[in-house]
Amino acid sequence: MKHIFQKGKDASKPTFLLLHGTGGTELDLIPLAGKIDEEASFLSVRGNVLENGMRRFFRRLAEGIFDEEDLIFRTKELYEFLEDAAKKYEFDRNNVIVIGYSNGANIAASLLFHYEDALKGAILHHPMVPLRGISLPDLSGTSVFIGAGTNDPICSPLESGELEKMLEQAQAKVHLHWEHNGHQLTFDEVEAAAQWYKKLI
Ligand code: MLT
């Protein structure tokens, strides 16, 4: 997968896996990583799927309706890429925190839904429930920040609450943070994620 890796100043810090939103690129979330922890390494990945010229991490059938077969395939592809990247760049595979926005947050949530050991933590900005009807792995030891919108037209507050519950039932430690700016990712939400991260580290 096309990506940018930058080694941080402090190897004991987590490595951020950065996953952009629909129509974005691997450049989008790099400033966010710096705001959360400027000493951490990051691996920023470009989505492998194209939808009318827009980059995504998996196919969808319509807005909010996912191609589940492709989602599962792409989740595995990303998981395997992460394994290989950890060896290549020599970062601690057990100390990866994802930062994802929108489509990137959805595939990040799918990583959590499918793999017990994919991520140490997750900062999910405006995620949806990636898929239903599967049992989640044991996520005890995984901490998750969800940035949600009370008026998000793409992910309803009800769905944000549903995702929180599903992750908690899988024993993840979840913090649900509310904003009132639709589906947008605002400075205040990034600041809230940074505060959450400081307590985690
Ligand atoms: C998705 O397709 O992942 C969601 O609808 C969010 C987005 O538009 O990227």
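## Legends to close-up views of a predicted model

**View 1. Helix α5 and its buried residues.** In α5, the residues E189, V190, A192, A193, A194, W196 and Y197 are buried. The model shown here and in the other views is predicted. The buried residues of α5 pack against β2, α1, β8, β9, β10 and β11. At 1.5 Å a residue, the 14 residues of α5 should span 20 Å, and the end C-alpha atoms of the helix are 20 Å apart, which agrees.

**View 2. The whole protein.** Five helices and eleven strands make up the secondary structure of the protein. Its radius of gyration is 15 Å, close to the 17 Å that the globule rule gives for 201 residues, so the protein is as compact as a globular protein of that length. The C-alpha trace spans about 40 × 35 × 30 Å along its principal axes. Of the 201 residues, 55% count as buried. Among contacts with a separation of 6 or more, 68% are accounted for by residues 24 or more positions apart.

**View 3. The seven-stranded sheet.** The strands of this open sheet follow the order β1-β3-β2-β8-β9-β10-β11, and their pairing is mixed. β1 and β11 stand at the edges with a single partner strand each, so one side of each is left without a neighbour in the sheet. On average, neighbouring strands of this sheet are turned by 15° against each other, direction ignored. Helix α5 (residues 187-200) packs on the sheet, where it touches β2, β8 (96-101), β9 (121-125), β10 and β11. The direction of α5 makes about 165° with that of β10. Strands of a sheet pair through backbone hydrogen bonds, either parallel or antiparallel.

**View 4. Strand β3 and its two partners.** Strand β3 (residues 41-45) is mostly covered, with five of its five residues buried. S41, L43 and V45 point one way from β3, F42 and S44 point the other way, and all are buried. In a regular strand the side chains alternate between the two faces of the sheet. Strand β1 (residues 3-6) pairs with β3 in the antiparallel sense over four bridges, and I4 stands opposite S44 in β3. Strand β2 (residues 15-19) runs parallel to β3 and is joined to it by five bridges; here L17 stands opposite L43 in β3.

View 5. A right-handed β-α-β unit is made by β2, helix α1 (residues 30-36) and β3. The two strands of this unit, β2 and β3, run parallel.

View 6. β10 and β11 run parallel and are joined by seven bridges. The bridge partner of V144 in β11 is V174. β11 stands at an edge of the sheet and has a single partner strand.

**View 7. Helix α4 and the residue that follows it.** Q171, which follows α4, has a positive phi near 80°. Q171 lies in the loop between α4 and β11, and its positive phi occurs although Q171 is not a glycine. Most residues other than glycine have a negative phi.

**View 8. H126 in a loop of the sheet region.** H126 lies in the loop between β9 and β10. Although H126 is not a glycine, its phi is positive, about 60°. H126 has a relative accessible area of 2%, under the 20% that marks a buried residue, and therefore H126 is buried.

View 9. D70 has its place in helix α2 (residues 68-89). With a relative accessible area of 6%, D70 is buried, because the limit for a buried residue is under 20%. Leaving aside neighbours within four places in sequence, D70 is in contact with V49, F58 and R59.

Technical notes:
Residues are numbered from 1 along each chain as its sequence is written. This is a predicted model: local features need pLDDT of at least 70, side-chain atom pairs count only at pLDDT 80 or more; totals for chains, interfaces and linings use all residues. Side-chain values use heavy atoms; hydrogens and water are left out. Buried means under 20% relative accessible area, exposed over 50%, partly exposed in between (1.4 Å probe, protein chains only). Two strands pair if DSSP finds at least two bridges between them. A crossover is right-handed if, with the strands pointing away from the viewer, the path from the first strand over the helix to the second runs clockwise. Contact means heavy atoms within 4.5 Å. Axes are lines fitted to C-alpha atoms, for helices over the stretch in contact, and angles run from 0 to 180 degrees between N-to-C directions. The radius of gyration is taken over C-alpha atoms; the globule rule is 2.2 Å times the number of residues to the power 0.38. The expected span of a helix is 1.5 Å times one less than its number of residues.
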